[in-house]
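Good morning, colleagues. Please look at the sequence and the structure on the screen, and I shall then begin with a pocket.

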Amino acid sequence: MKNLLFLLLAFFTLSCCNKDDDKPKTELEKLPPATQTGANTFGCLLDGQAFIPSGGINPLDCVYQFVNGGYYFALQGNKRNQNNTLVGISVGTQNLQIYQNQTLRLSNNEMGNASGGYFYGASWNYTSSVNDGELKITKLDTQNQILSGTLWFDVKDQNGVIHEIREGRFDMQYTQ
């Protein structure tokens, strides 16, 4: 009887194991889920590799505020790469109000526009009319200060290399 009980217990224990648990995650699966609860998450694929802000003093920040007669939105995520170089991804608006269910073109970093940015080492590089992208605001809850959305863009760095930011998603509680 003890042997039968042991075999049944072993069978049920082994049947609970999932062979997929050992399977490595894809870069896309490493990103946080696309939620709209104010979970304070941000992630994207940077040149095909998962980029999730981490470490440092302020790895993730989101602001949406009315200043000097205009609205300004800024989301920035930072992390250090394997060479300990600071890498940052950002999106924002300058003097441009945003709305829920709105899609904005990420273009030149100037007043009245939305833009995307890529930081590496000591240099910011921004989207342009040629290397552009898209920002979709899927939730804007001004009462609970939650801002969620998706993004993608291309940006050319100071060396002429075009970086692809894809599958971006964020779900942030913003400050005013």
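The largest pocket is lined by Leu 46, Asp 47, Gln 49, Ala 50, Phe 51, Lys 79, Asn 81, Gln 82, Asn 83, Val 87, Tyr 118 and Tyr 120. A pocket here is an open set of points on a 1 Å grid over the protein atoms alone, with protein on both sides within 12 Å along at least five of seven lines, and lining residues have an atom within 4 Å of a point.

This is a predicted model, in which local features need pLDDT of at least 70 and side-chain atom pairs count only at pLDDT 80 or more, while totals for chains, interfaces and linings use all residues. Residues are numbered from 1 along each chain as its sequence is written, and side-chain values use heavy atoms, with hydrogens and water left out.

Two strands, β2 (49–51) and β7 (114–120), each supply at least two residues of this lining of the largest pocket. With three residues, β2 gives the most. Strands are DSSP runs of E of at least two residues, numbered from the N terminus.

Let us turn to the second largest pocket. Which residues lie nearest its centre? They are Ala 74, Ser 90, Val 91, Gly 92 and Tyr 126, from a lining of 14 residues. Two or more lining residues come from each of β4 (70–80), β5 (86–93) and β8 (123–126). Here β4 gives the most, with five residues.

Finally, the whole protein: buried residues, those under 20% relative accessible area with a 1.4 Å probe and protein chains only, make up 38% of its 176 residues.

Methods
Buried < 20%, exposed > 50% of the residue type's maximum accessible area, 1.4 Å probe, protein only. 1 Å grid on protein atoms, 1.4 Å probe; cavity = no way out; pocket = protein on both sides within 12 Å on 5 of 7 lines; lining within 4 Å. Helix = DSSP H or I, 4+ residues; strand = E, 2+ residues; numbered from the N terminus.
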